[in-house]
Amino acid sequence: MSVPLYSPSEEHEMLREAVRALADEKVAPRAAFADENEEFPADVYKDLVAADFHAVHIPEEYGGAGADALATVIVIEEIARACASSSLIPAVNKLGTVPLLLSGSEELKAQYLTPVARGDGMFSYALSEAEAGSDAAAMKTRAVADGDDYILNGTKSWITNAGISEYYTVMAVTDPSAGPRGISAFVVEKSDEGVSFGPKEKKLGIKGSPTRQVILENVRIPASRMIGAPGTGFKTALATLDHTRITIAAQALGIAQGALDYAIGYVKQRKQFGRPIADFQGLQFMIADMAMKLEAARQLTYAAATKSELAMHGTPVKDLTFFSSAAKCAASDAAMDITTDAVQLLGGYGYTRDYPVERMMRDAKITQIYEGTNQIQRMVMARQLLK
Ligand code: CAA
């Protein structure tokens, strides 16, 4: 019998066990603090670096762990099961660096992937602007050539891990007359003169991960920091999302699994009417539905990850865009439903911050919004189906 392409191998399952052990011991105990205090979990970052789980997708030739896309999904899933904010460490490191992996010169890759793999700096992705969210191509940030340099001006909005990351992939307009084909991608460093950050957004969830504007005022960078050729930045940005929407799906799966596991433990010990509430069929059906939705989304995400891996290594995968959007959409919608039901299963306790499920419900919401709203995902899927 042929084994399905996306079936996790024994190594994948061993990796899952290792990440889960670390997440249970070091990540979960700090999750509530990071949420309550809106503080980046710097200790978690150190522990993830020590275990080499902070940017697992970086190829070995740049000093990384060289994990395949499915292994990367498993790492993000297991960290998110404990703490969604912490799972943005490997997820955003991947998002920031995929543009380089897809389109960067060998010099640029060696220069910037190596420090990320070492844990010396994280890498964020700066596409959105205040008036260019879903309509990303409407961006106004400009990059103007000046001798061997480019000078960047503009403000990027809602940038995950901004201020903490050392490096940023910034999409900017180099030819205003060319629409999406006039956008180019650059590496900007936090320490470049003229880079600053807006105040931290006051958010519903993922509070341990700062979301800030990246403000660029006459930032002069060498032209060698352009990723790919002039005018290819928008394509690189969208091609990146084809790979990284799958990691948001992974985050959603992890959040949902954390909520389901907690709720199952709770209903087995909580007694009402003289018996564990797990004995009641109304609740059993809820748990069955939660697990069913989660597993369906997981299988789709793993299939998408396998396609991502093939595409990264040059195999043409015609339906990667569909699978990536479908996985992100299905997993995030499932996570929202599952975490909401987990709060319901815990009743009044679930609604308090004494239990982790309300945090998980708040954290799940962002997965339906970022890396493209689920309305955009449906549009992307429909476009691919109808073309
Ligand atoms: N890969 C490569 N190229 C692609 C592509 C893909 N998946 N999809 C489209 N393109 C190309 C097109 O072929 C076209 O190029 P040509 O003109 O050379 O043919 C070009 O890109 C423009 O494409 P469209 O005309 O389809 O562009 P559009 O403006 O109509 O729509 C969109 C594009 C799908 C709506 C896109 O803007 C989009 O995905 N919007 C959502 C934005 C988004 O996801 N933002 C996420 C921010 S990151 C984030 O949230 C991270 C975080 O915090 C953790």
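This is a predicted model: local features need pLDDT of at least 70, side-chain atom pairs count only at pLDDT 80 or more; totals for chains, interfaces and linings use all residues.

Biologist: How is the area between domain 1 and domain 2 to be read?

Modeller: Buried area is the accessible area that two parts lose on being put together, summed over both. Here, domain 1 and domain 2 bury about 1900 Å² between them, and carbon and sulfur atoms give 66% of that area. On the side of domain 1, the greatest losses to domain 2 fall on Glu38, Phe40 and Tyr112, which together make up 31% of what that side buries.

Biologist: How many salt bridges and polar contacts are counted between domain 1 and domain 2?

Modeller: A salt bridge pairs a side-chain nitrogen of Lys or Arg with a carboxyl oxygen of Asp or Glu within 4 Å. The count between domain 1 and domain 2 is one salt bridge. The side chains of glutamate 38 and lysine 207 form a salt bridge, at 3.7 Å from N to O. Glutamate 38 is also among the residues of domain 1 that lose the most area to domain 2.

Biologist: What does a salt bridge within a helix look like, taking glutamate 13 and arginine 16 in α1 as the case?

Modeller: The sequence spacing and the atom distance are read together. Glutamate 13 and arginine 16 are three residues apart in helix α1, about one turn of the helix. Their closest N and O atoms are 3.1 Å apart, and the two residues form a salt bridge.

Biologist: What does UniProt annotate, and what is the helix and strand content of each span?

Modeller: The annotations come from an unreviewed entry, and the content is computed from the model. UniProt places "domain: Acyl-CoA dehydrogenase/oxidase N-terminal" at residues 9-120, a span that is 76% helix and 0% strand. The feature "domain: Acyl-CoA oxidase/dehydrogenase middle" is placed by UniProt at residues 125-219; that span is 0% helix and 47% strand, with its end C-alpha atoms 17 Å apart. For residues 231-386, UniProt gives "domain: Acyl-CoA dehydrogenase/oxidase C-terminal", and the span is 79% helix and 3% strand.

Biologist: Where does threonine 174 lie, and with which residues is it in contact?

Modeller: Threonine 174 lies in the loop between β4 (167-173) and β5 (183-189). Beyond its neighbours within four places in sequence, threonine 174 is in contact with residues including Arg142, Tyr150, Ser184, Phe186 and Met226. The side chains of threonine 174 and serine 184 are joined by a polar contact of 2.7 Å. Glycine 231 is 57 residues from threonine 174 in sequence, yet their C-alpha atoms are 7.1 Å apart.

Methods: Residues are numbered from 1 along each chain as its sequence is written. Side-chain values use heavy atoms; hydrogens and water are left out. Buried area is the accessible area (1.4 Å probe) that two parts lose on being put together, summed over both. UniProt positions are given in the numbering used here, feature names are shortened, and annotations may be inferred rather than shown by experiment. Helices (H or I, at least four residues) and strands (E, at least two) are DSSP runs, numbered from the N terminus. Contact means heavy atoms within 4.5 Å. A polar contact is a pair of N or O atoms within 3.5 Å; within protein, one must be able to donate a hydrogen and the other to accept it, and residues adjacent in sequence count only if both atoms are side-chain atoms.
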